[in-house]
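Okay everyone, let's get started.

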Amino acid sequence: MTATLPDWRKAAYVASQAADARVNVEIEAEGMTLNIGPQHPATHGTLRIVARLDGEQVVWADPAPGYMHRGYEKLTEVRTYPQVTTLVNRIDWLGSFCNEVPFILAAEQLMGIEAPARAQWIRTILFELGRIANLTLFLGDMGVQLGALTPVFYAFRDREYVLNLIEGATGGRFHPNFDRIGGLKDDLPKGWLDEVRTVMVKIEDFCTEMDDLLMGNPIFEKRTRGIGVIPVAVAKEYGLTGANARASGIDWDLRRDEDLPMAWKHCDWKVWTHGDGDSFARYWVRLQEVREATKIVRQLADGLPKGPIMTKVPKIIKVPAGEAYVWTENPLGAMGYYLVSQGGLGPFRCKIRTPSFSNISILPWVAKGVLVPDMITILASLYFILGDIDR
Amino acid sequence: MSDLEVAEAAPAVEADHHQRILDRLTRELGDELVDSVLERNDLWVRVEASAWHRAIELCQRQLGLSLFVFLSGIDWQAAPGLSGEKTFTGEAGSEEDELEGMEDDTAVVAEMVHGLTGGQTRFQALCRLYDTDRHVGITLKADLDEQHPAVSTVVDLFRGADWHERETWEMFGFAFTGHPGLRHLYLPGEFEGHPLRKDFPLLAREVKPWPGIVNVEQIPDALDPKKIEAARQMQADAAAATASPSPENGGETPVPAEVTPPPEVTPVERPPLEAPPPGQPSPAESPPAVDPGPLEAPPVEAPSPGAPPDTGGAPS
C-alpha cells in the first residue's frame with residue numbers, strides 16, 4: 001500500500017503507524033524489524049521473536065529463547081534422584097506431573113524395578129489429569145489469540161476443577177512432586193475417585209462448549225484454516241511431536257506405541273489425527289485429545305486395582321550404571337530423559353528432551369511469508385510453554 | 001460404560017528391527033562403526049566422528065529413522081567438585097551405614113568412565129533418531145577430539161538440528177562444521193565458557209556446600225512426629241500384648257506411605273515435613289493383625305457395574 005504513495009506521505013504513514021504500535025519498532029529504509037516480546041501476551045512467558053517485516057508480511061522470524069533458562073541439565077548433576085523430580089516439575093508448569101513420570105520411569109528402568117499395578121494406574125490418572133489441566137488452557141487461550149475472549153474464561157473456570165483434584169490427591173496444585181522411584185508418595189484420599197467422575201463430566205461439557213463456540217465460527221475458521229501448514233516430512237525433520245505431529249497426519253502416540261509400565265494399555269481410547277496440518281487441525285486434534293483423556297481417566301477410575309502403591313526400594317536410592325532413554329506422550333508432545341548413571345546418588349548426565357523446544361524451532365520455517373497476525377495464530381496453535389523451551 | 005478390554009496390545013518393539021538397523025549400519029559403515037550395544041529394546045551405536053554425517057544420513061534416508069529426536073553431547077570427565085559430594089561408599093541396599101555414607105562428601109572419582117558402547121575421548125556427541133512407523137529408536141554416538149571437539153553438521157539432513165547444534169555448541173563447545181550460523185541460543189552473547197562441561201564450576205555450589213546445611217531449630221519432643229510415632233508404637237504394642245496373643249506383628253509390616261525420605265535428612269537436624277494426614281490411619285494405629293492388602297493384578301475384565309466404588313483410602 002505504501003508503494004503507491006508519494007515519499008512525504010509514505011514517511012508520514014510510517015511515522016503514524018509507528019506511533020500507534022505499542023511495540024518496539026525500528027524504522028529502516030526497507031521494511032522493518034519488529035521485536036515481539038520478551039514480554040508479550042502471545043508468547044506465554046518470555047519468548048522473544050525478532051521478525052523482519054515487509055509491510056504486513058513476515059520476511060523472516062527468529063525466536064530468541066533463553067530469557068528463562070534455568071540450567072536444569074546442569075543442576076541435575078548435583079542433585080540426588082529424588083531431588084530431581086522437584087526440578088523437573090518446573091519444566092512444563094501447566095502439566096507438572098507429566099514431567100516427573102518419564103524421569104522416574106527412566107530411573108526405574110535402570111534399577112530394574114517396576115511400580116506396583118495400583119501405582120501405575122494412579123500415575124496414569126494423574127498424568128491424564130495433567131494433560132487435561134494443560135490442554136483446557138490451550139483450548140481457551142487459542143481463542144484469545146484470535147480475538148475471542150469468551151473461551152478463556154470458561155477454560156480457567158473448568159481447569160480449576162482439575163487443579164482441585166490434583167491438589168486433593170497430591171497436595172500441590174501446580175507442582176505435585178508426587179511421583180517416587182518405585183511408586184507414589186501416597187495413596188489416594190477417600191472419595192477422590194467419585195470427585196474425578198464428576199469433574200470428567202464437567203470437562204466433557206467444556207469440550208462441547210468449545211466445540212460450539214469456536215468450531216463452527218466463521219471467523220475462527222477463516223483465521224485458522226490453511227494457516228501455518230506443516231507437511232509430514234518437514235514435521236519429522238524438525239522433530240515435531242504430540243498433537244502438532246498428529247495434526248500433520250503422523251499416526252503416532254507414545255501412549256499407544258511405546259511399551260511403558262503405565263496403564264494406558266488397559267483402556268479403550270483412540271488416537272486422533274488430522275490430515276490438514278494447519279492451525280485448525282492442531283486445535284481440533286487437541287480438543288479430541290482432551291475428550292479421549294476424560295475417557296481414559298474414567299475407565300481407570302472404574303477399574304483401579306487394589307494393592308500397594310510402593311515397591312521395595314532401598315532408603316537411599318542408587319541407580320546402577322547405565323544409560324536409558326524414556327519418553328512419554330506429554331501434553332505438549334514427546335518428552336524424554338536421556339539418563340546416564342554411573343552408579344552414584346544422582347545422574348551423571350541427564351539430557352532433557354522437551355517437546356516445545358523442537359516444536360518452536362520450526363517457527364522460522366513456518367512463519368516465512370505469513371502475515372503478522374497469522375504468526376500469532378501459528379504460535380498459539382503450535383502451543384508451547386516457555387519453561388518447556390528454556391528448561 | 002465401556003468395556004475395559006485391551007484396546008490394542010502395545011506393539012512390542014521387535015528386536016529384529018534393531019538388529020536389522022544394526023546389520024545394515026555395520027555393512028555400510030564397516031570399520032567406522034566402532035561399537036554397538038543392543039539391550040532393553042534399545043540400540044546404541046558408536047561411530048567414528050568422520051562417519052557421523054554418513055551414519056545419520058543412512059538412518060534417515062534408508063532405514064526409516066526419519067524423526068529427529070534430539071542432538072546433544074556428553075562430557076565424560078569425572079567431576080570431583082560436583083559429583084564427589086554425592087559419592088556414597090556404603091554397600092548398596094545396606095541400611096546401617098546410610099548416614100555415614102552421606103557424610104562422606106570428600107571422596108573423589110578420579111577415573112573417567114565411559115557409558116554404553118565405551119569411548120576413547122572425553123567428549124561424545126549424541127544423537128537420537130526415531131521411526132514413527134515401526135516405533136524403534138536408536139542413539140548414535142561419536143567420539144570427539146578433546147582439544148578441538150568438532151563434527152560435521154546434520155542441518156542439511158534435519159533442519160531441526162539447527163537449534164540442537166546451537167545449544168550443544170554453546171553448552172559443550174562442540175563445533176559443527178558446515179552449520180549455517182553457530183550463535184548463542186540460550187546464553188547471552190558475551191558469556192564465557194561452556195556450562196555443561198564438567199570442569200565448569202556451578203558457582204552456587206561453590207559458595208554454599210551441598211546438601212544445604214542449615215541451622216534447624218531443635219523440635220520439641222511433643223511436636224516431633226518421629227517421637228510421637230514411637231510413643232504410639234509402644235502403646236499399640238502394649239495393647240496388642242494384653243489383648244490377644246497374636247503372632248508377631250513385625251514380620252509383614254504394611255507398606256509405609258513414605259518409603260523414600262530425602263536422603264539428606266538426618267533425624268536430628270530436620271523432621272519429616274508431613275505428618276500423616278488425619279483421614280488416613282497411620283500404620284501404627286491400625287490393628288497389628290491386619291493383613292496388608294494382597295496385590296491384585298489389574299483386571300482385564302470389566303468390573304461389574306454394581307461393584308462398590310473403590311475409595312482407595314487405606315494405605316495398607
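So, β1(B) and strand β2, residues 42-47 of chain B, pair in the antiparallel sense over six bridges. Strands here are DSSP E runs of at least two residues, helices are H or I runs of at least four, and both are numbered from the N terminus. Two strands pair if DSSP finds at least two bridges between them. Within this pair, D35(B) stands opposite R46(B) in β2(B).

Quick word on the source: this is a predicted model, where local features need pLDDT of at least 70, side-chain atom pairs count only at pLDDT 80 or more, and totals for chains, interfaces and linings use all residues. Residues are numbered from 1 along each chain as its sequence is written, while chains are lettered from A and ligands numbered from 1 in the order in which they are written.

Now, what's the strand order of the open sheet of five strands in chain B? It goes β1-β2-β5-β4-β3, with mixed pairing. β1 (33-39) and β3 (67-75) of chain B are at the edges with a single partner strand each, so one side of each has no neighbour in the sheet. From one strand to the next, the twist averages 20 degrees.

Zooming out, chain B has seven helices and seven strands, running α-β-β-α-β-α-α-β-β-β-α-β-α-α from the N terminus on. And of its 316 residues, 29% count as buried, which is to say 20 or more other C-beta atoms, placed from the backbone, lie within 10 Å of a residue's own.

How values were computed: Buried ≥ 20, exposed ≤ 12 C-beta atoms within 10 Å, placed from the backbone. Axes fitted to C-alpha atoms, helices over the stretch in contact; angles between N-to-C directions.
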